[in-house]
Amino acid sequence: VKIFKNTKGEYCPLIDDETVHMDGYIFGSCGKENKEGSFYAGITETEDSFIGYTVDRNSCLVKNEKVILLKNEWEQVYSSGDTAIKVHIPYGSKINKEACYDSYKRAKDIFTRCFPEYKFKCFLICCWMLSPLLKEILPADSNIIEFQREYVIFPMYNSALDVFLYVYGIESDSIEEISFSDLPEKTSLQRGIKKKLMSGDYIHQFGGYMPL
């Protein structure tokens, strides 16, 4: 993915060199292996523009239609592989806005002071908590949904297994080994995700970009 920023301070991700499933997920991700209707998403750069496929702001999935970003309005601020501070959320940690902002600030301070040669451009995360399906399960003021709003979100190739480990405590190398009907329902999050899984909707990990 490449991230662009315009003169208004808005961000736009463009998917770079990926085959996209007809549903907008990266082809080959869990449950998205049917190649019928898939399409190639790449970026074309001209003298005055970038042309490519972006993601829908609500679903965070790739749209099968090209957009044109004019260079006099948009600049590239990130490309996959650029230096970044990777965000990790330890199991059971708080993700309210205050705790997150404190962690971001301390991370920037530590890297700037201790590793001045590392010129990081952004915070970057790959996490099940960025799944747009969670907006259909959780209230708008929940910590997870608030956490999502801080990131420019885009789909990534993944196995959709993390949610089982972090929500249900189940570690597995294959989703076929997990019995959805036997998943616990002790919390509203567990119940909501289980309902999605039983109807065929996986909770994939999504990528997230946040400027410094």
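**A mixed sheet and its crossover helix**

Biologist: How many bridges join β9 to β10, and do these strands run parallel or antiparallel?

Modeller: The model is predicted, with local features needing pLDDT of at least 70, side-chain atom pairs counting only at pLDDT 80 or more, and totals for chains, interfaces and linings using all residues. Residues are numbered from 1 along each chain as its sequence is written, and side-chain values use heavy atoms, without hydrogens and water. Strands (E, at least two residues) and helices (H or I, at least four) are DSSP runs numbered from the N terminus, and two strands pair if DSSP finds at least two bridges between them. Joining β9 to β10 are 2 bridges, and the two strands run parallel.

Biologist: Which handedness has the crossover from β9 to β10?

Modeller: The chain passes from β9 through α1 to β10. A crossover is right-handed if, with the strands pointing away from the viewer, the path from the first strand over the helix to the second runs clockwise. This β-α-β crossover is right-handed.

Biologist: In which order do the 4 strands form the open sheet?

Modeller: The pairing is mixed; β10 (residues 122–127) and β12 (residues 206–211), for instance, run antiparallel and are joined by 6 bridges. The order is β9-β10-β12-β11.

Biologist: Why is one side of β9 and of β11 left without a neighbour in the sheet?

Modeller: Both β9 (85–86) and β11 (152–155) stand at the edges. One side of each lacks a neighbour because each has a single partner strand.
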